[in-house]
Amino acid sequence: MENSATYLMYIPLFPLLGAVIIGLMHVFTCKRPIFEKFYGIIACIGPILSFVLALRVFFNLKGMPEEGRYLIQKAFTWFQVGDLDVAMGFLADPLSSLMLLFVTFIGSLIHIYSIGYMGGEKNYAKFFAYLNLFLGSMLVLVLGDSPVVMFVGWEGVGLCSYLLISFYTTETENVIAGNKAFIVNRIGDLGFVLGMSFLFWAIGAHGFDYMALKANAHHLAPGVALTVCLLLFVGATGKSAQIPLYVWLPDAMAGPTPVSALIHAATMVTAGVYMVARFSFIYAHVPVAGSIVAWVGILTALLAAIFGMFQDDIKKVLAYSTVSQLGYMFAGVGVAAYSAGIFHVFTHAFFKALLFLGAGAVIYAMHHQQNIWKMGGLKKKMPITYYTMVIGALALAGCPFFSGFFSKDEILFMALANGHWGIWLVGVAVAGMTAYYTFRMIFVVFHGEPRDQHAYDHAHEAPLVMTLPLIILAVGALFAGYLNLPAIFGGDQEVTHWLAPVVVEHHPHVSKFVELLAMCASIVAFIIGIRLAWQRFGKGAEEPTFSGFTEFAYHKFYVDELYDSVFVQPYKRIGGAIRNAIEPNVTDAPIKLVSQLYMMVGQAFKVFQVGFVRVYAIYMIVGLSVMSLILSFSLN
Amino acid sequence: MIHSYLMVSVILFCIGMLGVISRRNVFTVFMSIELMLNAANLAFVAFSRLHESMDGHVLALMVMAVAAAEAALALAVVILLHKHKGKLDTNVFSLLKG
Amino acid sequence: MFEHTLSLMIFLPIAAGLILLLTPAGKGIARVTGIAISMAALILGVDVFTKFKPVGELQFTEFIPWFPHVGINYSLGVDGISLFILLAASVLLPLVFLLFTTKEKGYYANLLIVQGAMAGAVCAADIILFYIFWEIMLLPVFFMLGLYGGEKKIAATLKITIYTIAGSLLMLAAIIYLGVAYHSQFGEWNFAISKLTQLDLNGGVATLAFIGFMIAFAIKIPLFPFHTWLPDAYTEAPTATTFVLSAIMAKIGVYAVIRMVVPVFDEDFARFALLLSLSGVFGMMYCGIAAIAQNDIKRMFAFSSASHMGIIALGVFTCNVQGLTGSVYQIIAHATSTGVLFLFAGIIEDRMQTRKIEALGGIAYHAPVFALYFAIALLASVGLPGTSGFIGEFLIILGAVKFSPFIGILAGTTLIIGVCYMLWMFQRVFFEKDNELTVTFKDLTLKEGICFLPVVLLIIVMGLYPQPFIEKIEPAAQIQLAHLADTQHVQVADSVNAQDHGHLLELNK
Amino acid sequence: MVHLAKKSIKKGALDIMFADWLFILFTVCAVLGAAGLVSFRHPMNSAMSFVVTLISLAGLYALLSAKLIFATQLIVYAGAIMSLIIFIIMFLNIQNEDLPVEEGRLKNMTIGAVLIAPIGLFLMKVVKQIPGSDTVVVDPNFGGVKEVGQLLFSKWLLPFEIVSILLLVALVGAVVLAGKRGINK
């Protein structure tokens, strides 16, 4: 078969094998550590090999005719029960190949960066084992040819996210942040599993891989389709940190910075967007579901942007900006602009990874200081980091001709073109806010005077293993946007065309004037945002105090506290009540009753137990006597 | 005819029971039990005569063997108890109290 | 090997146990005997597994007339459902003998008897034979719990005794009713399970008998309001006993429901399925929530085990092949994950002399291998894909959604509830800061590591390549459900004029 | 057979009379002995009166043509067992003060008799309802040593062996129980 490819399974297998090898080495050598770079180099082999294979997949696909452009490998029957037949199968089509490319590329870069960043850490090997495991799981997620296989990767990345967030396990807060991430993700996973179940009972009987599902999607009743869409979207909100399940992502910054860059910015959190795009054949049938997705996305973008404007932890700022950008992506896929959404995933991976790695370099230089109000003036000390980060910030803020501009603008334009005025308006506002908080961070950290002179004196530029990935990513952040240059700039939207066979979307025809107008609105928003930031923070500013609305926003609208008092505390309290009140008093009641009954009867009969053999004989005789009397009468 | 023998058996059996429940002397109680066994033996033999089969005789023999065994054991127990308590009163031995 | 493999698996351990009890053998000899016999059972079990054909009928059947005039016979056989419980017992019990070296002779002897009786209960193809083995299986548990248990062992023994005896009596009454019903319908006595499935049971007494069976098995599983004996018994019992109770014996309850209740009482089962599944789901949630408040690690696992059993039972009550297969698969997965977790809790208790979660912390830094094994078992227990726990849980939820979307959604919460208490426990025991106590924690010895390795590997293999297991389970599951499917068809057909029919019946009276 | 039966009836008149007298004599002795057994205060007196009962019972066995039982009753029971009992009574050297004080003995026995009366009456009622033939002369060898012996060693072999084990156990038990010296002294 021309579409079968036996090498697909090796793409996730390489990092997974790396994880097993490093993990075993760690277990056997953690008491007697060997040369630490050794682990790092082994860890980098897997991702790089996967990247090479991903390139091979890409060029193979490119050589194929557009209609049959997919590669498939069914490794073995995973399980088969009744009608449910799930193969451990891998599918590479334009969508997954695009994801593959940037996941393996950025994954490899971050592995290299981590060799430097994690230097001297105690659990060096463990970190790389987890990182490899994560990459393997992410590749399973991307390549899985059925929702169930995808779910394996889906949960696998959740696990690795948990392990890496709580990587510094001696601190309770880190572990709690990890737990929070895992549990909140699990809430989303519940939606995913239920969505899969409903989907299976509706149309899964003739095969439960994407090919078969896509072929049978038109049999789906509208109500079921809506249910499936919403349940799957619950899964996506968990993984991709959307309202109402976004709360775990800011806390997830407790993990090492490369983790934040790889998992919580570039790859894992975009899995939800990828999943919605994967299921575009269902979402396309249910516009209502799409609108819900889009609105949730854009509201998340707004909310996270508001929070982002008041954070003082450099990583938290970036975390909220990630949530916010993820919101854009969902707005994109929600308005059926799947290629635009995925394209934003693609560009975002570059500039957000870049920003995180840059922030990591800063944190590394400042000896694990993360509060931006303790930094300042680092521009002179860390020029490479500064310039690369500025490129990243410009891309994030949507500066024209940087990658973020093209992708974000595409989303907003598609929202407008498909008639979602509200989403477009909010989107433009958020774009301005994005520019504001991004440059607030840049100005406070790199400009002005140093606020902590001691730390400033010891700050220095990061080593080459760390700056090299920064530079590569900066190049990506600069030019990734040109892959999907819209027609208005003379491009031919290559990514959109590449994805066209997979995702179900249609391009409404809108006049050039509207397109230009929309673009101008975005640019204006960007300029206003960056100007405000310059005014306030450009020349150095002191840590502000908050009151009123700003205080409310600074405390993130008290959402964490709300969740804690509405879900967590009652849960624990019910548990305590069961333990202290219900178990001993209610469910144990019958058995206590029985034993008390026995005790009472026993006490009553104790009277007869006088202890003299003769008396027992008398009892017997009395019994016999009574029986005899009765029998004598009955004999007559 | 046989009925009279059975009547005698019943009477002896009841007297034996009376001895067991109304006396406190260990020896008397013990011999009352022997009396009950003998009453049963008489019934066996009588029935044997009635049915003209000798199985009853065999059973009577067995009962005698059991009675002998019982006598041996019971007397051993009586000696032991007498050694322990110096009394022959059944009321002294009230270890069965719950 | 030869035609009496199953009998050998049953009577070899029982005989060895009895001989140990009757002879003045020391505990060393007892343990060596235990290892030898359980290894022999393992070899026999593997032999059965490799020769087992993936079809639904009973295999390896043996038949010896016992009381033929009342239709009670010594007849054995395994199908895809009992095979795996048999295997779980024979794979996991050698671990116990190998790992726990400090117990007395009577303990090992009792374990051997339990092993044989459990094999008997799952292999029995005659309901009376099943009942006999069921009772034999319970006896040594009382002794092990009552003689070798923890501080509150007497109360725990009393509880488990009252519950199980009550259940057993109800079951006996129901079994006798089945025999009588068979006699009145077919004119002969027969207690073979396959024959009893042909019974046409309806009416009040049949429902009572059904309830009798269900209560007996609900106590053993345990299903929601009958679970109260479990936390005490699991907590107070010595580790190996808890392990046997949770890993295998509770599963025999589920097995019995699948094997005896589903095909025999098809109509009543279909009628009560909703109520039963609610009980399963509610039990899962209730015990899962209770687990988070426990500060005794073993007690927490006890509640967790009860919570999982609720889900496993739910799989049976969903009345479809996905749910049932998932349930059987989850039985093995749960035996390997939670069972092993109980063993690990035992190891912690042995080394730290405490089971209090608060007293622990930071074990992972001093025992990385132990932490790794523990984490794998824990992840299987919370149903992470790639471990054995996921396949079963997914199939059960899938089946539950088919059965009723509402139940399905509730069942899905197991994903969340399980992870909450497990992670919180893991955090407080393995992470955070170590203290004076846990600094002294010794990692697994080489022997322990090698003993646990096959089980840990099994957890992963069963998650990645479950098909060899599933292909053996599924045909048997289909057969058990065949009756149910017929009943449901009839019910659908009858439901239209059911009311008129009822009136007619009353008129006839 | 018919011939034999006729002969027995003809000859019976005198025999029956004589046997009846004997029966009455033995019965009275047995009952009186039994009454003595339960009512005497000193066990020695009880034992002597029990011997009377046993000998009377032996007579009754003889009347029932149970020759072997008649002999064993006299030799084993009245002889061996009773001498053992009397021996023990004398061995313990029981004085009057050793005996338990049984003040309400008469009252007790009256109440006991009232209790037991229904049992006795019921048993008698049952006995009356047993369908009994009038005495038939049995085979002269009935109850002889050879016949009973043959039966004992063929049909009743297994119970016989079990009884022998029982005796052995009793023997060992008695040795163990009574053989302990110096306990509680």
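How does the radius of gyration of chain B compare with that of a compact globule of 98 residues? Chain B has 16 Å, whereas a compact globule of that length would have a radius of gyration near 13 Å; the radius is taken over C-alpha atoms, and the globule rule is 2.2 Å times the number of residues to the power 0.38. This is a predicted model, in which local features need pLDDT of at least 70 and side-chain atom pairs count only at pLDDT 80 or more, while totals for chains, interfaces and linings use all residues. Residues are numbered from 1 along each chain as its sequence is written, and chains are lettered from A and ligands numbered from 1 in the order in which they are written.

**Chain B**

- Chain B has 3 helices and 0 strands, in the order α-α-α from the N terminus. Helices (H or I, at least four residues) and strands (E, at least two) are DSSP runs, numbered from the N terminus.
- The C-alpha trace of chain B spans about 50 × 25 × 25 Å along its principal axes.
- Of the 98 residues in chain B, 57% are buried. A residue is buried if 20 or more other C-beta atoms lie within 10 Å of its own, exposed if 12 or fewer, and partly exposed in between, with C-beta atoms placed from the backbone.
- Of the contacts in chain B between residues at least 6 apart in sequence, 46% join residues at least 24 apart. Two residues are in contact if their C-beta atoms, placed from the backbone, lie within 7 Å.

**Chain C**

- Chain C has 22 helices and 2 strands. Its radius of gyration is 22 Å, close to the 23 Å that the globule rule gives for 509 residues, so chain C is as compact as a globular protein of that length.
- The C-alpha atoms of chain C fill a box of roughly 80 × 55 × 45 Å along the principal axes.
- Buried residues account for 60% of the 509 residues in chain C.
- Among contacts in chain C with a separation of 6 or more, 82% are between residues 24 or more positions apart.

**Contacts between chains**

- Chains B and D share the most contacts of the 4 pairs of chains in contact.
- On the two sides, 62 residues of chain B are in contact with 70 residues of chain D. The elements of chain B that give two or more residues to this side are α1 (2–22), α2 (26–51) and α3 (55–85), and the largest share, 24 residues, comes from α3(B).
- By class, the side of chain B that touches chain D has 42 nonpolar, 12 polar and 8 charged residues. Ala, Val, Leu, Ile, Met, Phe, Trp, Tyr, Cys and Pro count as nonpolar, Asp, Glu, Lys and Arg as charged, and the others, Gly among them, as polar.
- No contact joins chain B and chain C, whose closest C-alpha atoms are 20 Å apart. Chains C and D likewise have no contact, and their closest C-alpha atoms lie 21 Å apart.

**Nonpolar cores**

- The largest nonpolar core has 440 residues, and A:A353 and C:F84 are among those with the most contacts inside it. Helix α15 (residues 338–365) of chain A gives the largest share of this core, 19 residues.
- A nonpolar core is a set of buried Ala, Val, Leu, Ile, Met, Phe, Trp, Tyr and Cys residues joined through C-beta atoms within 7 Å.
- Leaving aside neighbours within four places in sequence, A:A353 is in contact with A:I106, A:I110, A:A261, A:A265, A:A266 and A:L473.
- Another core, of 69 residues, lies apart from the largest one and includes B:L18, B:I21, D:Y61 and D:A78.

**Local features of chains A and C**

- Strands β1 (residues 71–81) and β2 (residues 84–92) of chain A run antiparallel and are joined by 9 bridges; strands pair if DSSP finds at least two bridges between them.
- β1(A) and β2(A) form a hairpin with 2 residues between them, and A:G82 in the turn has a positive phi of about 60°.
- The peptide bond from A:I243 to A:P244 is cis, with omega near 5°, and A:P244 is in the loop between α8 (222–239) and α9 (248–251) of chain A.
- In chain C, the bond from C:I221 to C:P222 is cis, with omega near -5°; C:P222 is in the loop between α8 (204–220) and α9 (229–236).
- A:A336 is not a glycine but has a positive phi of about 65°, and A:A336 counts as buried with 27 C-beta neighbours inside 10 Å.
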